[in-house]
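Please consult the sequence and structure shown here while reading.

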Amino acid sequence: MKHARRLVAGTLAAGALALSLTGCGDSADSTGRLGQKTRTSDAASSPAAPSPSGSASGSASDEAYKKWGLTAPLSFAPKPAQKPQIPKAAPGKVPVVDRIPVPAGEKTVFLTFDDGAEKDPEFLKMAADLKLPISMFLTDSVAASDYGHFEKLRDNGSASTINNHTLSHPNLRTLPFEGQKKEICGQQERLEKRFGTRPPLFRPPFGNYNDDTLRAASECGVSSLVLWRVSMQINNFQYAEGSALRPGDIILAHFRGPAELKGASETQMTTRMLQRIQEQGFRIGRLEDYL
């Protein structure tokens with residue numbers, strides 16, 4: 001019962017959390033800005049943790065991790081026998097998820113990338129080599145110039161997925177219900193037409209939403225509104241709470257390039273992110289296997 005109450009409380013707190021999680025910012029340091037209580041990890045001073053337990057990916061090349069700057073193969077979580085119980089939303093609304101309730105002792109985190117402005121062919125090679133299960137949340141106004149790039153990422157054998165991040169990336173809390181519905185449903189329709197399936201997951205720009213958002217998302221056929229607890233910056237994580245990853249954390253990253261990352265490439269940023277995951281002894285799960 002205590003565990004159930006914690007899950008419910010965590011989900012109910014997601015609305016308040018979104019006020020402080022302002023991802024998709026404009027500057028390099030705001031690629032996943034969090035509130036004032038956020039702490040940035042100091043990877044240089046953090047000792048390496050033991051290699052994570054669990055099943056490693058059988059699809060990635062044995063040498064791929066070396067090619068992309070890692071010192072050990074990545075570890076991947078197998079698909080769970082059944083999906084965890086997510087507290088149900090009120091009638092006519094979608095549930096808000098900011099952390100996945102994984103079983104006790106299971107050190108699993110989830111990779112999500114937003115927007116779609118950067119379309120780096122080297123990142124396609126990296127994601128395919130490492131078989132990274134990425135949940136993409138695409139914004140039409142920046143991703144549509146080359147949706148084929150994200151189709152290749154989806155179809156590289158990693159079971160990555162394409163989801164909804166609105167048509168034009170507005171702060172939805174500033175829009176009336178019909179305006180929000182146009183942004184969400186419009187992108188649902190465009191992604192379905194382009195990729196053949198209607199996305200089940202939706203992420204509001206900047207993590208900003210209200211009751212109208214939850215109702216509009218439900219009417220647009222969304223099953224869950226997905227937030228995050230950890231944001232990848234250029235070199236390190238920022239945390240919504242504490243100073244380390246927690247089991248079930250949803251990690252926010254962005255499709256961004258050197259102009260936004262102070263000269264770093266998308267692949268360099270991703271290598272650092274994967275290194276931080278390994279240093280803390282975590283494995284990577286596929287978000288849609290749990291939702």
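The sections below treat the basis of the model, a helix, a strand, a disulfide, aromatic pairs and some individual residues.

## Basis of the model

The model is predicted: local features need pLDDT of at least 70, side-chain atom pairs count only at pLDDT 80 or more, and totals for chains, interfaces and linings use all residues. Residues are numbered from 1 along each chain as its sequence is written, and side-chain values use heavy atoms, with hydrogens and water left out.

Helices (H or I, at least four residues) and strands (E, at least two) are DSSP runs, numbered from the N terminus. A residue is called buried under 20% relative accessible area, exposed over 50%, and partly exposed in between (1.4 Å probe, protein chains only).

## Helix α9

Helix α9 comprises the 14 residues 266-279. The expected span of a helix is 1.5 Å times one less than its number of residues. For α9 this gives 20 Å, and the end C-alpha atoms are 20 Å apart, which agrees. Just after α9, G281 adopts a positive phi of about 75 degrees.

Ten of the 14 residues of α9 are buried, so the helix is largely enclosed by the rest of the structure. The buried set consists of E266, T267, M269, T270, T271, M273, L274, R276, I277 and Q278. These residues pack against β5 (108-115), α4 (121-130), β10 (230-232), β11 (237-239), β12 (250-254) and β13 (283-285), where contact means heavy atoms within 4.5 Å.

In strand β6 (residues 134-138), five of the five residues are buried. In a regular strand the side chains alternate between the two faces of the sheet. Both faces of β6 are covered, with I134, M136 and L138 buried on one side and S135 and F137 buried on the other.

Two strands are taken to pair if DSSP finds at least two bridges between them. β5 and β6 pair in the parallel sense over five bridges, and D114 stands opposite F137 in β6. From β5 the chain crosses through α4 to β6, a β-α-β crossover that is right-handed; that is, with the strands pointing away from the viewer, the path from the first strand over the helix to the second runs clockwise. β6 also runs parallel to strand β7 (residues 161-164), to which four bridges join it. The bridge partner of L138 in β7 is N164.

## The disulfide

The structure holds one disulfide, defined as a pair of cysteine sulfur atoms within 2.5 Å. The bond is formed by C185 and C220, whose sulfur atoms are 1.8 Å apart. The torsion about the S-S bond of C185 and C220 is about -100 degrees, so the disulfide is left-handed. The pair links distant parts of the chain, 35 residues apart: C185 belongs to helix α7 (residues 177-195), and C220 to the loop between α8 (211-219) and β9 (224-226). C185 and C220 are both buried.

## Aromatic pairs

Rings of Phe, Tyr and Trp (its six-membered ring) pair if their centres lie within 6.5 Å; planes under 30 degrees apart count as stacked, over 60 as edge-to-face and the rest as tilted. The count by this rule comes to seven aromatic pairs. The rings of F113 and F255 have their centres 5.2 Å apart and their planes at 40 degrees, so this pair is tilted. F113 lies in strand β5 and F255 in the loop between β12 and α9, so the pair ties together parts that are 142 residues apart in sequence. F113 is buried at a relative accessible area of 0%, and F255 is likewise buried at 0%.

Y147 and F195 form an edge-to-face pair, 5.3 Å centre to centre with 75 degrees between the planes. This pair links Y147 in helix α6 (residues 147-154) to F195 in helix α7, 48 residues apart. Y147 and F195 are both buried. Ring pairs also link F113, F123, F150 and F255 into a cluster.

## Individual residues

Most residues other than glycine have a negative phi. H169, in the loop between β7 and α7, has a positive phi near 65 degrees and is buried, with a relative accessible area of 16%. F206, in the loop between β8 (201-202) and α8, has a positive phi of about 65 degrees although it is not a glycine; F206 is partly exposed at 21%.

T71 is found in the loop between α3 (64-67) and β4 (96-97) and counts as exposed at 77% relative accessibility. The C-alpha atoms of T71 and Q275 are separated by 8.4 Å, although the two residues are 204 residues apart along the chain.
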